[in-house]
Amino acid sequence: MQMARFSIPSSVLNSSKRFPLLFPALLLAGAALVAGCHRGVSDPNDPKFIVAEKGSWQITEGELEVEVSNYLKEHQATPEQVGPAKMPIVRTAMLRNMVLKKLILDQAAALPAQDSNKEEAAEFDRVKGGLSDAEFDVQLKAAGMTLDEFKQRIHEKILVSKVLETEVFKDIDPTDQEIGDFYLKNKDSITTPPEIRASRVLIRVDEKTTPEEKAAKKAAIDKARARVVHGEDFGKVAAEVSEDVSSAAKGGDLGFFPRNVSEAGFDDVAFNTKVNTVSPVFETAMGYEFVKVTDSKPGGEASLADIRPKIAAYLRNQKMVEESETYAKKLLTESGVAYHMVLVDPPAQQDAGGALGAPDSAPAPAPGP
């Protein structure tokens, strides 16, 4: 979806169900600061030094450093690039994030026991994204995480989601009136880009693929395309051959999508392939592939019927943000958490992400894996 004067972040438009846990505005919310040493560890630089605690849980300097380090890696920044003036802001923001997570997990413990195994398994598969166990293990090691730690994070994510759904997101679905009013107010600046619907067959190739293996994979993709060109059903060939886990089970179907949401080089072929025709085999960073374009939609002014789901998702997300900020601020200010480090809040209208110059929203997801 393209916007002119009116702008909705692409991460909102492409997600109808998000669970915002941490929001910049609520990093300003504080709690009691308790100075001095604790548990016999007086050196604040000692990884075992407790920087925050409440009841049965504590957060140590070492745990905080890991969180800060991961945050900087995610934003491709170093402490030197952030600078000594802003690093305390980042540390404070990350600590409050960690505290908020623990407080919400405390709330989760008070909920009726629920079996979340299926949800956790589904989330695990989604994040794993079709990688083999060995490939996924390599990624976990690169991230400095064990499989058990990863599964624990998923478990906690599901618990947090349940708390938010139960205690915060009770009445956030926009009404028909709100959706209609929003559309009328922004109608002139809401447009949709041209979209196509395509199916693909993909055989993966990466930097570890040997020249011999690559030649064999090229031969395999050529053979698959020849089957389609000679009359075999595209969906049948895709289901048998394609290594695109997310689309192979659907006969290779990627659904409708605009430009600039897939891997580099994909659009150049897909958007230049006529409807009901099959492209040549081409290579992208994902491997060898070919596509069949099955439908297309012209761009232009979006009708309320076409854009309604995305407006509803956007308005719902706004309410989620507002309600989550209110809820999180209440938890942080009334929790009685004891902090054993100096908390440095950002200037008004700046958060930890702003200190790093991080983007406001994530790019739209690709139609493929």
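Biologist: In which loop does N276 lie?
Modeller: In this predicted model, N276 has a phi near 70 degrees, a positive value in a residue other than glycine. As for its position, N276 lies in the loop between α12 (266-270) and β7 (277-278).

Biologist: Is N276 buried or exposed?
Modeller: The relative accessibility of N276 is 56%. Exposed residues are those over 50%, and therefore N276 counts as exposed.

Biologist: What is the phi of Q76?
Modeller: Q76 is found in the loop between α2 (61-74) and α3 (79-82). With a relative accessibility of 74%, Q76 counts as exposed. Its phi is positive, in a residue other than glycine, and is near 50 degrees.

Biologist: Are helices α4 and α13 roughly parallel or roughly perpendicular?
Modeller: Two packed helices are described by the angle between their axes and the distance between those axes. The axes of α4 (residues 87-109) and α13 (residues 304-334) come within 10 Å and cross at roughly 95 degrees. Because angles of 65 to 115 degrees fall in one class, α4 and α13 are roughly perpendicular.

Biologist: How many residues of the contact of α4 with α13 are nonpolar?
Modeller: On the α4 side the contact is made by R96, V99, L100, L103, I104 and Q107, and on the α13 side by Y327, A328, L331 and L332. These residues of the contact include 1 polar and 1 charged. The nonpolar residues number 8.

Biologist: Is the pair of F124 and F150 stacked or edge-to-face?
Modeller: The structure holds 8 aromatic pairs. In the pair of F124 and F150, the ring centres are 5.6 Å apart and the planes stand at 65 degrees. Planes over 60 degrees apart meet the cut-off, so the pair is edge-to-face.

Biologist: How many residues apart in sequence are the parts that F124 and F150 tie together?
Modeller: Both F124 and F150 are buried. F124 lies in helix α5 (residues 117-128), whereas F150 lies in helix α7 (residues 147-167). The pair therefore ties together parts whose separation in sequence is 26 residues.

Biologist: Which residue lies over the face of F124?
Modeller: A charge sits over a ring if, among other conditions, NZ of Lys is within 6 Å of the ring centre. Here the distance from the ring centre of F124 is 5.7 Å, and the residue is K151.

Biologist: At what distance from the ring centre of F256 does K297 lie?
Modeller: K297 lies over the face of F256. Its distance from the ring centre is 4.2 Å.

Terms used. Residues are numbered from 1 along each chain as its sequence is written. This is a predicted model: local features need pLDDT of at least 70, side-chain atom pairs count only at pLDDT 80 or more; totals for chains, interfaces and linings use all residues. Side-chain values use heavy atoms; hydrogens and water are left out. Helices (H or I, at least four residues) and strands (E, at least two) are DSSP runs, numbered from the N terminus. Buried means under 20% relative accessible area, exposed over 50%, partly exposed in between (1.4 Å probe, protein chains only). Axes are lines fitted to C-alpha atoms, for helices over the stretch in contact, and angles run from 0 to 180 degrees between N-to-C directions. Angles under 35 degrees count as roughly parallel, over 145 as roughly antiparallel, 65 to 115 as roughly perpendicular and the rest as oblique. Contact means heavy atoms within 4.5 Å. Ala, Val, Leu, Ile, Met, Phe, Trp, Tyr, Cys and Pro count as nonpolar, Asp, Glu, Lys and Arg as charged, and the others, Gly among them, as polar. Rings of Phe, Tyr and Trp (its six-membered ring) pair if their centres lie within 6.5 Å; planes under 30 degrees apart count as stacked, over 60 as edge-to-face and the rest as tilted. A charge sits over a ring if NZ of Lys or CZ of Arg is within 6 Å of the ring centre and within 35 degrees of the ring normal.
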